[in-house]
Amino acid sequence: MTTALDLLLLALLLSLIVGLGRVWRGPGFADRMLAAQLLGTTGVAMLIVLAERFAQPALRDVALVLALLALLAVLAFVARVWDPDDAVEPTASADGAGSTGLVGEPGAAASGSDGPSSGDHRPRQSNGVGDDHG
Amino acid sequence: MADSIMDGVRLLLITAGVAFFIIGSIGLIRFPDVYTRIHALTKADNLGLGLIVIGLLLGAGSLATSAKLVLIWLLTLVASASAGYLVARAARRRGVKPWQAKDTPPAKGDDTPPPQSGGH
């Protein structure tokens with residue numbers, strides 16, 4: 001039983017590594033976040049199998065927390081970065097940055113008429129983390 | 001005798017669950033656009049996790065352990081359902097075109113997925 005569980009854990013780990021190739025390849029932000037969610041789901045499965053294998057009940061609590069955190073990561077990504085309607089509005093300083101010499105910054109110049117640009121996975125505004133110029 | 005049969009059933013269920021995880025990972029790598037990748041990820045992986053949880057439930061000693069396993073599975077179900085819905089809605093709002101069969105590059109290797117912008 002334990003040997004079989006070890007082999008199954010190894011298979012899960014290989015599947016996780018294969019799936020994480022999507023983080024590397026690509027092409028959009030959402031694909032990478034989906035790979036992060038794969039990390040969450042497969043991690044939960046590995047943790048509950050590990051809890052059975054090594055008789056460590058605390059690992060089930062870890063699995064519960066990991067499931068919750070994987071959900072929160074995807075929610076935060078969609079709500080604050082990726083969704084053009086729900087994204088955090090740019091502050092006044094970031095809005096006025098286009099008229100103060102930062103025209104060459106990609107995304108700041110074309111922010112008005114861009115709309116939902118097809119296939120472009122960049123955030124619509126340059127509201128990245130730590131964007132505090134102005 | 002009964003124990004070995006029960007162990008066999010558990011191993012069968014857990015193996016089936018791991019197989020679904022592997023299928024989900026292959027789908028995440030192979031599918032062409034974000035919608036189909038959501039489809040591969042949220043459904044196959046949760047079915048696999050459900051099978052693993054059922055397999056572990058058959059050997060769970062106490063009611064608390066069983067309840068915790070079921071709770072983990074339910075939380076992951078809710079997480080995947082809402083995350084898949086939100087990512088798909090955001091992709092539609094950003095104008096990501098769903099992949100169509102004509103977007104497939106003819107006789108190309110599997111190295112580069114087709115562009116998501118509808119081919120222009």
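**Exercise 1. The elements of each chain**

How many helices and how many strands are there in chain A?

*Solution.* The model under study is a predicted one.

Step 1. Chain A contains 5 helices and 0 strands. Followed from the N terminus, its elements read α-α-α-α-α.

Step 2. In chain B there are 3 helices and 0 strands, and the pattern along the sequence is α-α-α.

Step 3. Chain A has 134 residues, of which 36% are buried. Chain B has 120 residues, of which 42% are buried.

**Exercise 2. A salt bridge within chain A**

Which residue forms a salt bridge with D6(A), and how far apart are the closest N and O atoms? Determine also which parts of the chain the pair connects.

*Solution.* Step 1. The partner of D6(A) is R53(A), and the closest N and O atoms of the two are 2.7 Å apart.

**Exercise 3. A salt bridge between the chains**

Are R37(B) and D31(A) buried or exposed?

*Solution.* Step 1. R37(B) and D31(A) form a salt bridge in which the closest N and O atoms are 2.6 Å apart.

Step 1. Because R37(B) lies in helix α2 (residues 34-57) of chain B and D31(A) in helix α3 of chain A, this pair joins two chains.

Step 2. Both R37(B) and D31(A) are buried.

**Exercise 4. From a pair to a network**

Which residues are joined into one network by salt bridges that share partners? Begin with the pair D7(B) and R10(B).

*Solution.* Step 1. The side chains of D7(B) and R10(B) meet in a salt bridge, with an N to O distance of 3.8 Å.

Step 1. Both residues are located in helix α1 (residues 2-30) of chain B, and they are 3 residues apart, about one turn of the helix.

Step 2. D7(B) has a relative accessible area of 29% and is partly exposed. R10(B) is buried, its relative accessible area being 6%.

Step 3. Through salt bridges with shared partners, E52(A), R60(A), D7(B) and R10(B) form one network.

Step 4. Over all chains, the count of salt bridges comes to 6.

**Exercise 5. The largest cavity**

What is the volume of the largest cavity? State which elements supply its lining and what kinds of residue are found there.

*Solution.* Step 1. The structure has 3 cavities of 30 Å³ or more. The volume of the largest is about 70 Å³.

Step 1. Its lining includes Q37(A), T41(A) and V44(A), together with T76(B), A79(B) and S80(B).

Step 2. At least two lining residues come from each of α3 and α4 of chain A and α3 (63-93) of chain B. The most are given by α3(A), with 4 residues.

Step 3. Sorted by kind, the lining comprises 5 nonpolar residues, 5 polar residues and no charged ones.

**Exercise 6. Surface and loops**

Where is A55(A) placed in chain A?

*Solution.* Step 1. A55(A) is in the loop between α3 (29-53) and α4 (58-82) of chain A. Its phi is near 55°, a positive value in a residue other than glycine. With a relative accessible area of 61%, A55(A) is exposed.

Step 1. L7(A), L10(A), L13(A), L14(A) and I17(A) make a nonpolar surface patch of about 490 Å². One of these residues, L10(A), is part of helix α1 (residues 2-19) of chain A.

Step 2. P32(B) occupies the loop between α1 and α2 of chain B. Its relative accessibility is 12%, so P32(B) counts as buried. Although P32(B) and P98(B) are 66 residues apart along the chain, 9.3 Å separates their C-alpha atoms.

Terms used. Residues are numbered from 1 along each chain as its sequence is written. Chains are lettered from A and ligands numbered from 1 in the order in which they are written. This is a predicted model: local features need pLDDT of at least 70, side-chain atom pairs count only at pLDDT 80 or more; totals for chains, interfaces and linings use all residues. Side-chain values use heavy atoms; hydrogens and water are left out. Patches are made of residues with over 30% relative accessible area and no salt bridge: like charges are joined within 9 Å, nonpolar side chains (Val, Leu, Ile, Met, Phe, Trp, Tyr) within 5 Å. Accessible areas come from the Shrake-Rupley method with a 1.4 Å probe; for residues, only the protein chains shown count as cover. A salt bridge is a side-chain nitrogen of Lys or Arg within 4 Å of a carboxyl oxygen of Asp or Glu. Buried means under 20% relative accessible area, exposed over 50%, partly exposed in between (1.4 Å probe, protein chains only). On a 1 Å grid over the protein atoms alone, a cavity is a set of points where a 1.4 Å probe fits but cannot get out, and a pocket is an open set with protein on both sides within 12 Å along at least five of seven lines; lining residues have an atom within 4 Å of a point. Grid points are joined across faces, edges and corners, and a volume is the space filled by probe spheres set on the points. Ala, Val, Leu, Ile, Met, Phe, Trp, Tyr, Cys and Pro count as nonpolar, Asp, Glu, Lys and Arg as charged, and the others, Gly among them, as polar.
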